[in-house]
Amino acid sequence: MMKIRSHRRAGIYNALLLVLFAVILSSCGKKANGRRFHHGEDYFEYSSINCRAYAASLTEFGGIGDGITSNTKAFQDAINYLSQFESYGGSILFVPPGKWLTGNFNITSSHFTLFLHQDAVLLGSQDESEYAVIDPLPSYGRGRDTQGGRFVSLIFGTNLTDVVITGNNGTIDGQGQIWWNKFRNGSLQYTRPYLIEIMFSDEVEISNIVLVNSPSWNVHPVYSSNVVVRGITITAPVRSPNTDGINPDSCTNVHIEDCYIVSGDDCVAVKSGWDEYGIAFGMPTKQLFIKGLTCISPTSATIALGSEMSGGIEDVRAEDIVAINTESAVRIKTAVGRGGYVKDVFVKGMTMKTMKYVFWMTGNYGSHPDNNYDPNALPVIDNINYQDMVAENVTMAARLEGIPGDTFTGICISNVTIGMATSAKKLPWNCTNVAGVSSGVTPKPCSLLPEQEGLSTCNFPTDHRPIREVNLRTCSCKNKLFKRNGL
Ligand SMILES: *[C@@H]1O[C@H](CO)[C@@H](O)[C@H](O)[C@H]1NC(C)=O
Ligand SMILES: *[C@@H]1O[C@H](CO)[C@@H](O)[C@H](O)[C@H]1NC(C)=O
Ligand SMILES: *[C@@H]1O[C@H](CO)[C@@H](O)[C@H](O)[C@H]1NC(C)=O
Ligand SMILES: *[C@@H]1O[C@H](CO)[C@@H](O)[C@H](O)[C@H]1NC(C)=O
Ligand SMILES: *[C@@H]1O[C@H](CO)[C@@H](O)[C@H](O)[C@H]1NC(C)=O
Ligand SMILES: *[C@@H]1O[C@H](CO)[C@@H](O)[C@H](O)[C@H]1NC(C)=O
Ligand SMILES: *[C@@H]1O[C@H](CO)[C@@H](O)[C@H](O)[C@H]1NC(C)=O
């Protein structure tokens with residue numbers, strides 16, 4: 001009985017696939033009439049964590065790339081259709097050259113790739129009705145901008161395995177100006193949408209795309225694991241509100257590599273929930289690896305840890321970083337009531353020019369979701385290591401403010417040369433409620449970080465790359481990929 005049933009089901013499935021096959025074939029590779037697609041438009045190669053068996057183009061689902069017509073339905077129809085191939089080698093949705101206006105759409109299947117041609121521009125709709133209102137994140141208890149719900153991100157996905165957003169550096173333009181105005185003039189009813197939010201997912205890749213003018217945060221992997229963000233360019237006006245670059249939030253094993261970010265807020269902001277909500281949810285961000293980051297952010301940090309860190313942040317390693325005209329290099333932001341911890345942070349190999357501070361720790365960041373936070377929930381900040389850095393034109397070398405009765409401990413700073421600006425503050429280091437050591441640092445650190453004899457380096461982990469390697473495959477979209485392998 002079971003057998004017959006499943007057999008019949010398979011038969012129906014195959015019949016369905018046959019019907020769908022015409023659409024699939026005409027999408028990419030060799031056309032049904034034998035004509036080859038133009039190179040670069042319909043045949044493409046790329047590297048990714050996983051290749052796909054089936055492909056389709058947005059235009060097959062009624063997409064119109066005129067910059068005026070809404071493509072929300074075309075995107076969602078295309079993705080829903082391609083979801084059928086989830087268990088048959090996965091699928092890729094190709095977005096061809098054009099200006100594709102769209103509101104929110106969701107990635108609804110695992111083993112899915114969204115691929116943007118280099119001349120494809122997704123234009124985020126400025127119409128609020130194009131973004132459903134969804135529940136606040138459980139670890140935040142409310143939206144960041146407002147109490148209550150939040151507008152779903154432009155591209156949203158949850159409970160997925162193996163999802164990729166990539167391209168030949170095609171663009172996603174959030175058209176954020178109208179949202180920034182609403183934020184500033186207090187007319188937002190809900191929290192602004194992000195450009196990309198992937199939640200409760202495993203194996204996520206976001207690579208080789210350009211993100212501009214996000215309404216708020218750009219890339220937000222949350223409650224996810226094995227996340228790769230590679231070769232992306234993010235730009236927003238340096239005065240735009242909360243346009244953080246990449247925000248790993250309660251995630252495990254995240255690689256951020258070769259990214260270039262100009263923004264109005266932190267280039268990378270590492271998070272894990274907010275006060276009592278984050279403590280209750282209890283999901284840390286851990287095993288974060290950042291390599292090859294260039295940041296310009298005059299009002300914010302290159303790498304911020306917090307301020308929402310109530311689920312904990314641990315095992316952060318960062319290297320090969322350039323910061324220009326940026327407020328600080330690494331900033332730990334926390335507050336009484338946050339609870340959680342920031343520990344085992346290792347940053348080395350930073351080159352900086354024109355910085356307000358190199359090192360900044362803020363124990364009184366404030367900013368609570370509501371008044372129900374626990375005043376006894378003190379954050380633990382421990383084992384924070386900075387090494388092999390050079391900075392020029394710096395206003396103040398370090399401003400390190402722990403919490404009275406909750407000293408930030410285990411700070412180690414070694415082999416750091418900071419060239420002060422002519423207009424520099426008289427006191428290059430100002431430290432309160434912190435403890436640690438230093439070695440080979442100029443200008444001479446504060447007395448709470450005394451020079452330690454015989455210390456040549458901080459205690460960096462010696463294993464070269466503790467976090468799982470990212471294996472990239474070379475994928476191409478061509479004829480043979482559309483055969484019904486294995487069916
Ligand atoms: C995307 O998912 C959210 C959350 O489930 C939902 O509210 C919204 O309607 C979905 N968007 C579309 C275009 O279906
Ligand atoms: C997504 O996964 C989370 C965590 O495992 C679970 O709590 C939630 O119910 C799932 N949501 C859906 C829509 O499956
Ligand atoms: C995309 O941009 C990155 C960063 O600028 C660059 O390294 C990469 O070569 C570009 N890739 C393509 C396919 O153009
Ligand atoms: C706030 O800004 C939005 C977007 O520019 C505008 O539509 C709205 O009229 C403004 N509201 C107020 C109260 O100024
Ligand atoms: C040094 O920094 C100041 C801002 O503090 C800036 O105005 C000036 O242009 C910088 N000088 C150089 C040489 O970059
Ligand atoms: C000190 O840091 C610089 C980079 O800023 C690096 O080139 C140099 O090798 C380091 N010195 C030691 C002794 O590790
Ligand atoms: C040093 O930091 C402390 C604590 O934040 C502050 O009260 C004090 O004014 C600072 N001193 C100077 C000279 O900036």
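**Reading the salt bridges**

Modeller: Let's start with one side chain: Lys73 is exposed, at 60% relative accessibility. Keep in mind that this is a predicted model.

Colleague: Which residue does Lys73 form a salt bridge with?

Modeller: The general idea is to look for a side-chain nitrogen of Lys or Arg within 4 Å of a carboxyl oxygen of Asp or Glu. Here Lys73 pairs with Asp77, and their closest N and O atoms are 2.6 Å apart. Both sit in helix α2 (residues 72-82), four residues apart, so about one helical turn separates them. Asp77 is partly exposed, with a relative accessible area of 29%.

Colleague: How many salt bridges does the rule give?

Modeller: The count comes to 15. One of them joins the side chains of Asp162 and Arg52, at 2.7 Å from N to O. Asp162 belongs to strand β11 (residues 161-167), while Arg52 is in the loop between β1 (44-48) and β2 (54-57), so this pair ties together parts that lie 110 residues apart in sequence.

Colleague: Are Asp162 and Arg52 buried or exposed?

Modeller: The test for buried is a relative accessible area under 20%. Asp162 has 3%, so it counts as buried, and Arg52, at 6%, is buried as well.

Colleague: And what does Arg399 form a salt bridge with?

Modeller: Its partner is Glu401, with 2.6 Å between the closest N and O atoms. Arg399 is partly exposed at 26%, whereas Glu401 is buried at 18%. Elsewhere, Arg144, Lys271 and Glu308 are joined into one network by salt bridges that share partners.

Conventions. Residues numbered from 1 in each chain as written. Chains lettered and ligands numbered in written order. Predicted model: local features only at pLDDT ≥ 70, side-chain atom pairs only at ≥ 80, totals over all residues. Heavy atoms only, no water. Helix = DSSP H or I, 4+ residues; strand = E, 2+ residues; numbered from the N terminus. Buried < 20%, exposed > 50% of the residue type's maximum accessible area, 1.4 Å probe, protein only.
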